[in-house]
Amino acid sequence: MFLDYACTIINLSEEAVRAVQEQPYPSGSLAIGVVDTVHCGHFIQSLSDYQTMYPDVTLSLLTGSSSELITQVLNYQLDGAFVTGTIPTKLAADYIEEDEVMLLTKSKEQPFPDLAVTKWAVAPAGCPFRSALEAWLLSEGIPLTNMIEVSSLETQLSIVRSGLAAALLPSSVLSGEYANMGSYQVPEAFRHTSTSLVRRNDRFRNKAFSAFAELVKVNFEMKGRS
């Protein structure tokens, strides 16, 4: 109990210093966490636009699982993060993008795979897509044991494209060199996911993060209309 109060006092005192020292324009450091499944092309474009518009901001990026990034945001190690799945009530979301979860295979010519014998490429435990796959297979009476665990989305997609395994991932990954992979709808209960740009629900929001969140919202909404 005392530790919780001590951490709150320290974080508030550091926040107070940042608030009174902040410039009237976006500047200083900005640390953002990113899960692998964020649509890379539009995200990188947002970063490029942001650095062009706000050269006085020093930007740093950290990748990780949603659970890891949420913990780091709550612990003041990150200003914000792109995460998938449900977010805790202590965090606020400045942008949410809905996506469809699909079963991915090597090519569009393949029939819907036999779930009982399919090998799966999955992320480490804690990934919401792995959890959705486990729940889906369990509802079919199939344990998730025939799998290859990889920590990189790029490696996961490469394994699927090679035909070695299938995967359960958001449809937004089907772009570029992976656009022609096979994709199939899954049951409604496991079909929906969201990616959120989250932050702490603090009184103070630095101008660097506020400008970043606004730019992301504009860029991703333009992508949705294109």
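## Aromatic pairs and their surroundings

Both Tyr50 and Phe212 are buried, where buried means under 20% relative accessible area, exposed over 50% and partly exposed in between (1.4 Å probe, protein chains only). This is a predicted model, in which local features need pLDDT of at least 70 and side-chain atom pairs count only at pLDDT 80 or more, while totals for chains, interfaces and linings use all residues. Residues are numbered from 1 along each chain as its sequence is written, and side-chain values use heavy atoms, with hydrogens and water left out.

Let us begin with the rings. The count comes to 5 aromatic pairs (rings of Phe, Tyr and Trp, the last by its six-membered ring, with centres within 6.5 Å; planes under 30 degrees apart are stacked, over 60 edge-to-face, the rest tilted). One of them joins Tyr50 to Phe212 in an edge-to-face arrangement, with 5.5 Å from centre to centre and 85° between the planes. Tyr50 belongs to helix α2 (residues 40-53) and Phe212 to helix α6 (residues 207-225), so this pair ties together parts that are 162 residues apart in sequence. Helices (H or I, at least four residues) and strands (E, at least two) are DSSP runs, numbered from the N terminus.

Trp120 and Trp136 also form an edge-to-face pair, at 6.5 Å between centres and 65° between planes.

Which residues are linked into a cluster by ring pairs? They are Tyr50, Tyr54, Phe82 and Phe212, and the pair of Tyr50 and Phe212 described above has both of its members buried.

Phe82 deserves a visit of its own. Its place is in strand β3 (residues 80-84). Leaving aside residues up to four places away in sequence, Phe82 touches Ile32, Gly33, Val34, Val35, Val38, Phe43, Leu69, Thr195, Ser196, Leu197, Phe212 and Val216; contact here is heavy atoms within 4.5 Å. Val101, by comparison, is 19 residues from Phe82 in sequence, and the two C-alpha atoms are 17 Å apart in space.

Another residue to look at is Thr105, found in strand β4 (residues 91-105). What does Thr105 touch, not counting residues up to four places away in sequence? The partners are Gln110, Pro113, Val160, Ala166, Met181, Gly182 and Tyr184.

| Buried residue | Relative accessible area |
|---|---|
| Trp120 | 1% |
| Trp136 | 2% |
| Phe82 | 1% |
| Thr105 | 6% |

A last stop brings a charge and a ring together. Arg200 lies over the face of Tyr76, at 3.9 Å from the ring centre. Such a charge has NZ of Lys or CZ of Arg within 6 Å of the ring centre and within 35 degrees of the ring normal.
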